[in-house]
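Open your viewer and load the file. This tour tells you what to select at each stop and what you will find there.

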Amino acid sequence: MDGTGHRIAALTAREAGLVGCQHCTRVSPMGTRTCTRCGGSLESRDRTSMQRVWAWWLVGLMAYIPANLYPMLLTRTVGQVQDATIVGGVIELAHHGAYGVAGIVFFASVIIPVGKFIAIAYLATIVRRPHGHKPGQLLHLYEVVEWIGRWSMIDVFVVAILAALVQFNLLATINPGVAAVCFALSVVFTMLAAMSFDSRRIWDQIRQTSDESPA
Amino acid sequence: MAPSEDLVCCPVCDALHEIHGVTDGKRLRCVRCNTVIAVDRPEAIVRIVVLASTSLVLMFIVIFFPFLELRNGVFDSRASVFETAMAFNRGVMAPLAIAVTLFVIVLPVSRLVCFIWALGPLSFDRPPLPGAAFTLRLAETLRPWAMAEIFMIGVAVALVKLGDLATLAMGPAFWSFAAIVFITALQDTQLSKYSIWTALDTASRR
């Protein structure tokens with residue numbers, strides 16, 4: 001226990017018997033369902049948050065597996081059919097000498113998704129019980145995960161652009177593979193998982209820890 | 001504790017703050033998580049509306065003009081964003097066509113329209129239009145799903161992949177897309193939930 005709970009002890013809307021609106025920052029008496037200012041739904045702490053995080057996380061992972069096994073791009077050049085998976089496409093780019101672009105694609109479609117699965121699972125596990133982690137760092141992790149998730153879509157868009165441009169009948173045709181759909185779904189599901197996470201819970205357990213500890 | 005207009009909660013960590021007006025150009029950060037809660041820039045509303053209108057005009061160019069042109073001796077192919085989205089519209093790939101259309105065209109455009117609807121009248125000192133609160137909330141919800149800037153990076157990657165296959169030329173849409181991405185980033189820096197909602201409140205009371 002690193003005692004941060006005491007230093008950052010701030011009165012929350014919940015403790016003051018109020019419920020704060022995450023859309024417009026207005027506070028209302030506890031028990032209010034819709035915000036009087038913006039009409040958004042109010043909930044002091046999202047009770048179903050963890051269930052939804054894990055549900056989206058799981059379907060995201062389920063979609064991510066076929067996304068890596070099946071081909072992303074189907075290239076037809078004069079009678080030859082070539083298919084490339086996500087990682088295959090990266091290797092191909094590297095062979096062309098485009099290391100920078102290969103790096104971007106690798107980062108967006110391998111590192112980010114895998115990192116996201118780990119980070120979301122880590123956050124969702126840790127805030128359940130009282131924990132001694134610095135909330136500032138957890139929030140940073142959460143914000144990075146939430147912000148970076150959408151960038152995984154790069155590869156899906158690349159496939160879309162290639163498929164739209166390269167349609168020269170017999171000479172060369174590029175078509176999207178099944179993995180493109182799976183990957184897009186996986187990105188959407190993990191984005192939903194990250195959004196379902198209630199960031200206010202990061203501090204709740206910290207507070208409880210400091211209350212329990214004799215200090 | 002009784003709720004009042006001076007009491008504000010941090011949307012990220014729920015800490016309560018008491019705000020008695022924000023001094024010009026100052027940023028108010030949450031004491032606990034350091035999130036920016038309020039920024040006082042009286043011109044922010046006008047800026048958001050102007051930037052959103054500019055993006056909307058550019059968006060029209062983006063959707064219907066070609067953004068990439070591919071030349072390979074005899075063959076010539078060009079694609080507009082609209083065509084790109086439609087490239088998937090066969091069989092299993094249909095959901096992908098819908099997703100790309102949503103992420104790159106529909107959602108960014110809706111977000112701009114929402115901003116103009118909710119904040120447009122405010123910049124002319126008029127009372128807000130009906131449903132302003134709803135559209136403003138919608139604009140905020142749509143934020144992560146509008147992926148125009150990610151599409152731009154996708155274009156760059158596609159350029160490299162096709163580099164040795166054919167000669168590529170950027171169409172007019174490419175440049176206006178680049179402008180939109182820049183403008184959207186600028187617009188998002190003007191946003192502060194507290195300040196915008198307070199402005200909308202004040203305008204409704206007039």
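## Stop 1: confidence in chain A

Start with chain A, which averages a pLDDT of 82, with 90% of its residues scoring at least 70. The model is predicted, and pLDDT is the predictor's confidence in each residue.

Colour the chain by pLDDT. Select helix α1 of chain A, residues 4-7: its mean pLDDT of 37 is the lowest among the elements of the chain. Now select α2(A), where the mean is the highest, at 92.

## Stop 2: aromatic rings in chain A

Show the aromatic side chains. How many aromatic pairs does a search of the whole structure find over all chains? The search finds eleven.

Pick one of them: Tyr64(A) with Phe183(A). The pair is tilted, with 6.2 Å from centre to centre and 45° between the planes. Trace the chain from one ring to the other. Tyr64(A) sits in helix α2 (residues 49-69) of chain A, and Phe183(A) in helix α7 (residues 178-196) of chain A. They are 119 residues apart, so the pair links distant parts of the chain.

Are these two residues buried or exposed? Both Tyr64(A) and Phe183(A) are buried.

Together with Tyr64(A) and Phe183(A), they form one aromatic cluster.

## Stop 3: a buried serine

Ser152(A) counts as buried because its relative accessibility is 2%, and the cut-off is under 20%.

What does Ser152(A) touch, not counting residues up to four places away in sequence? The residues are Ala108(A), Ile112(A), Pro113(A), Phe183(A) and Val187(A).

## Stop 4: charges across the chains

Show both chains together. Side chains of opposite charge can pair when their charged atoms come close. The count comes to seven salt bridges over all chains.

Select Asp201(B) and Arg26(A). Their side chains meet in a salt bridge, 3.2 Å from N to O. The pair crosses between chains: Asp201(B) lies in helix α7 of chain B, and Arg26(A) in the loop between β1 (18-20) and β2 (27-29) of chain A. Both Asp201(B) and Arg26(A) are buried.

Arg37(A) is buried, with a relative accessible area of 13%. For Asp201(B) the value is 16%, again buried.

Move on to Arg150(A) and Glu149(B). Their side chains meet in a salt bridge of 3.0 Å, N to O. Arg150(A) is in the loop between α5 (135-148) and α6 (154-165) of chain A, while Glu149(B) is in helix α5 (residues 148-162) of chain B, and the pair crosses between chains. Arg150(A) is buried, with a relative accessible area of 8%.

Which residues are joined into one network by salt bridges that share partners? They are Arg26(A), Arg37(A) and Asp201(B).

## Stop 5: chain B as a whole

Follow the elements from the N terminus: β-β-β-β-α-β-β-α-α-α-α-β-α-α.

Chain B has 206 residues, and buried residues make up 50% of them. Of the contacts in chain B with a separation of 6 or more, 59% are between residues 24 or more positions apart.

## Stop 6

Select helix α1 of chain B, residues 44-64. Its 21 residues should span 30 Å at 1.5 Å a residue, and its end C-alpha atoms are 31 Å apart, which agrees. Buried residues of α1(B) include Ala44(B), Ile48(B), Leu51(B), Leu58(B) and Ile63(B).

Finish at helix α4 of chain B, residues 132-142. Its buried residues are Ala132(B), Thr135(B), Leu136(B), Arg137(B), Ala139(B) and Leu142(B). What covers them includes α3 (94-123) and α7 (193-205) of chain B.

Definitions and conventions:
Residues are numbered from 1 along each chain as its sequence is written. Chains are lettered from A and ligands numbered from 1 in the order in which they are written. This is a predicted model: local features need pLDDT of at least 70, side-chain atom pairs count only at pLDDT 80 or more; totals for chains, interfaces and linings use all residues. Side-chain values use heavy atoms; hydrogens and water are left out. Buried means under 20% relative accessible area, exposed over 50%, partly exposed in between (1.4 Å probe, protein chains only). Helices (H or I, at least four residues) and strands (E, at least two) are DSSP runs, numbered from the N terminus. Contact means heavy atoms within 4.5 Å. Rings of Phe, Tyr and Trp (its six-membered ring) pair if their centres lie within 6.5 Å; planes under 30 degrees apart count as stacked, over 60 as edge-to-face and the rest as tilted. A salt bridge is a side-chain nitrogen of Lys or Arg within 4 Å of a carboxyl oxygen of Asp or Glu. The expected span of a helix is 1.5 Å times one less than its number of residues. pLDDT is the predictor's confidence in each residue, from 0 to 100.
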